[in-house]
Amino acid sequence: MDKNKKDIKQITTPIYYPNGDPHIGHAHTTVMGDVLKRCLQMAGSTVLYSTGLDEHGQKIQETIAQSGKTTEKFLDEKSDVFKNLFNRLNIDYDVFIRTTEDKHKKFVQQCLQKVYDKGLIEKQEYSGLYCVGCEQFKTLADLDEQGNCRDHAKPPVQTSEVNYAFKMEPFRQFLLDHIEANQDFVKPEQYCRDLVNMLKEPLVDLCISRPKSRVTLGIELPFDKDFVTYVWFDALLNYATVNNGELTSDCTHLMAKDILKTHGVIWPIMLRALDMNLPKHLFVHGYWTARDGTKMSKSLGNVVDPIEMLDKFGTDAIRYFLARGSSKDDSPIGEDMILGVFNAELANIIGNGFYRVLKMLDKKTNGEFPKVNSFRDCDTQFISSIATQVQNFFGSNFDLQTIARQAELVASIGRDINLYLDKTAPWKLDGEEFYSCALSCLEAARLMFELAYPIMPQTARIVFTALNTEFDPQNYKTQIRKIKSGKIGTYQPLFQRMEVQK
Ligand code: MSP
């Protein structure tokens, strides 16, 4: 089918700061984007999925200075570290954008010039409390009782300088009207309410420049070479850079709650000032926290390293754990919790039925799927009910909440298969009856792994290979009885129970 540009659904992750190594939170949002992309493809859409790095600003400039490396070397190395993680996580992104790319720089400068020419940018004396961690001026309301930035637990620095300010207040009512008219602009609803609250008071001008005397790692303002662009004004535009300067008409930004304000207030106003499309949705999730609910931080030594978890549990187990725990609220994560889910759900439930039946059949038939002339009604009813659940899922709308439900549905179908096996006891059956039951349980597992494919693509492929069935996610249709007579493909246990370490 010839898809024109308008049909493309765009999905984005935030572009991450490469100050440190990626952690489980970066892995989370990027896996969720990948799951969403694969779900949308199976439902018939064409998707443009982008992720990448936010490489400008004072914070990263200071980190690079301390590293003793050149800027280029530091950023190239970090970019490889992030790309390596995303490869290990089996992320099928279409674009990995870095804000130091020329294409992006030129685009940001064009946008700045356009807003400047419209008279929406003014030079003014700027004085306030600046948090380098946030790369933002803070108001007293943004600080805790000790006067520290709530996100960085550090006091902001009193800073006074001449800067360029972008007028946001003229757009506030427009944005409120937009949210009112598009109730699903921000999901889940709780974050939509948070956004409306942020828009209750008049908006202060946004400081969109940083003097080069303080920050050099940034994009020069096209109308004043003594300044670079404020890192957020630059970074948000990446979403348009990846699609030749505009968002597609159906664009979803994924993020955690920390950056709702920049995406929900600043970004739509920038787009409106630039006469560009607004994103269709912002999907927001909570944080993964340390085991005891505290924020993960390097200084506390409680950071969950995604590479270490991948080494221990494998790609699909980590993807499954992240998907099933995707939530609007904060959730703790720890190695013991991943191990618990690995054994209880992946090994005992999801992988178990498939392997048990296939081995049983293999032994009886010497490696062949037999030809069955007529299936028992109860078997056909069983797989039809599963097919309906899978079909309904792919026929519905997807968001971050549906991903957790999808993982739950996979486990619930897995449970049903195990129960059906226990109830019908195929090992006690013979001939056609045995074949009908065994092949139907394998059909049920095949359908379950079609549903699971967006979350666990590699494991699903192992199943389809073993069953010798075709699967093309971009031409997907839920069908029953796809397993044909013939040789059984190669297979292995999908998830083998792991020992609990003392
Ligand atoms: N560079 C900005 C984003 C610019 S987008 C135009 C930034 N970078 S970041 O490296 O701090 O990444 C923040 C994002 O990483 C969060 O919004 C979320 O997607 C992900 N996460 C980082 N820590 C997280 C958790 N502890 N839990 C879940 N996701 C988290 O902000």
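Reader: Which hand does the crossing of α13 and α16 have?

Author: A crossing is called left-handed if the near helix is turned anticlockwise from the far one by less than a right angle. In this predicted model, α13 and α16 cross in the left-handed sense. The two helices, residues 352–365 and residues 431–452, pack at an angle of about 145°, and their axes are 9 Å apart.

Reader: Which residues of α13 and α16 meet?

Author: Contact here means heavy atoms within 4.5 Å. On the α13 side the residues are F354, V357, L358, M360, L361, K364 and T365; their partners in α16 are F434, Y435, A438, L439, C441, L442 and A445. By class, this contact comprises 12 nonpolar residues, one polar and one charged.

Reader: Which residues come nearest to the ligand?

Author: A residue counts as near if one of its heavy atoms lies within 4 Å. There are 22 residues around the ligand, and I15, T29, D54, D258 and W288 come nearest. An N or O atom in the side chain of D54 is 2.8 Å from a nitrogen atom of the ligand. W288 places a backbone N or O atom 2.9 Å from a ligand nitrogen atom, and H26 has a polar side-chain atom 3.1 Å from a ligand oxygen atom.

Reader: How much of the ligand does the protein bury?

Author: Taken alone, the ligand exposes 670 Å², of which the protein buries 92%.

Terms used: Residues are numbered from 1 along each chain as its sequence is written. This is a predicted model: local features need pLDDT of at least 70, side-chain atom pairs count only at pLDDT 80 or more; totals for chains, interfaces and linings use all residues. Side-chain values use heavy atoms; hydrogens and water are left out. Axes are lines fitted to C-alpha atoms, for helices over the stretch in contact, and angles run from 0 to 180 degrees between N-to-C directions. Helices (H or I, at least four residues) and strands (E, at least two) are DSSP runs, numbered from the N terminus. Ala, Val, Leu, Ile, Met, Phe, Trp, Tyr, Cys and Pro count as nonpolar, Asp, Glu, Lys and Arg as charged, and the others, Gly among them, as polar. A polar contact is a pair of N or O atoms within 3.5 Å; within protein, one must be able to donate a hydrogen and the other to accept it, and residues adjacent in sequence count only if both atoms are side-chain atoms. Accessible areas come from the Shrake-Rupley method with a 1.4 Å probe; for residues, only the protein chains shown count as cover.
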